[in-house]
Amino acid sequence: VVPGTTGLSFKWEHDTYIDQTLNPSLTNIIDVYILTKSYNEDFIVWKNKGATGLMPETPTSEELKREFKNLEDYKMATDEIVFHPVAFKTLFGSSADENLQAQFKVIKYAKSKITDNELKSKVLSAIDSFFAIGNFDFGETFYFTELAAYIHAKLKTDINSVVIVPVSSTSTFGTLFQITPNKNELLTSTATVNDIVVIKEITDQNIANVVRPCDCLRREEGEAAHH
């Protein structure tokens, strides 16, 4: 008994994150995040087909629990294993959320002898290699500076500079320099050669948001109505 603290009513509140559960029993909750081979293979097939249509679905927690039930043999009796399926979070391409879609603007090295199309293919290959399985942990933050440095290292004799420009009209230059997924997500790129543009120099105009045809149409209709 500590003098001065007896006879007081005490209420303890414990709030958990939205993606977590609270077990009031005297157990250890072990969160297991799993990227299954079948889901990964289905995703690669979907991506290679142009990342169109419905993206493959992850297995459910119950399916993972049945598939990896042997892990229960390694836990203590007071432990509880919670299985979390890991899903890919797509970036840059048209299949990504609008606020994560982007174009890569590339300045070619003046003495480079490759064509613009060859340069686009090489940049795309470097981006895909950067996001290869094993290079990122689940929930790990993406930094564009690291990707830019990687592209420069791979194409050091072919490019002078590379920048990333958001597509969304609500985003500004620099908003995609850092992207943090949820703990059950793994970042990957679905960019295509159409998302890579070769430019001569960086200006305020060509690093502004990418204007879509529908935006131009609405703007022209508004101007016509005004006139």
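A residue counts as buried when its relative accessible area is under 20%.

**View 1. Welcome to the whole chain, shown as a predicted model.** By that cut-off, 33% of the 227 residues of the chain are buried. The chain exposes about 14,900 Å², and carbon and sulfur atoms supply 52% of this area. Take contacts between residues at least 6 apart in sequence: 75% of them join residues at least 24 apart.

**View 2. Five helices and nine strands make up the elements of the chain.** Starting at the N terminus, you can follow them in the order β-α-α-β-β-β-α-β-α-β-β-β-β-α.

**View 3. Here is an open sheet of three strands, in the order β6-β4-β9.** Its pairing is mixed. The edges belong to β6 (159-166) and β9 (196-199); each has a single partner strand, so one side of each has no neighbour in the sheet. On average, neighbouring strands of this sheet are turned by 25° against each other, direction ignored.

**View 4. Now we look at β4 beside β6.** Strand β4 covers residues 102-108 and pairs with β6 in the antiparallel sense, over seven bridges. A handy landmark is Ala102, which stands opposite Pro166 in β6.

**View 5. Two helices pack on the sheet, and here is how each one lies.** Helix α3 (residues 116-130) touches β4, β6 and β9, and the direction of α3 makes about 130° with that of β9. Helix α4 (residues 144-154) also packs on the sheet, where it touches β4 and β6. The direction of α4 makes about 150° with that of β6.

Key: Residues numbered from 1 in each chain as written. Predicted model: local features only at pLDDT ≥ 70, side-chain atom pairs only at ≥ 80, totals over all residues. Heavy atoms only, no water. Helix = DSSP H or I, 4+ residues; strand = E, 2+ residues; numbered from the N terminus. Buried < 20%, exposed > 50% of the residue type's maximum accessible area, 1.4 Å probe, protein only. Contact = heavy atoms within 4.5 Å. Areas by Shrake-Rupley, 256 points an atom, 1.4 Å probe, with all protein chains shown as cover. Pairing = 2+ DSSP bridges. Axes fitted to C-alpha atoms, helices over the stretch in contact; angles between N-to-C directions.
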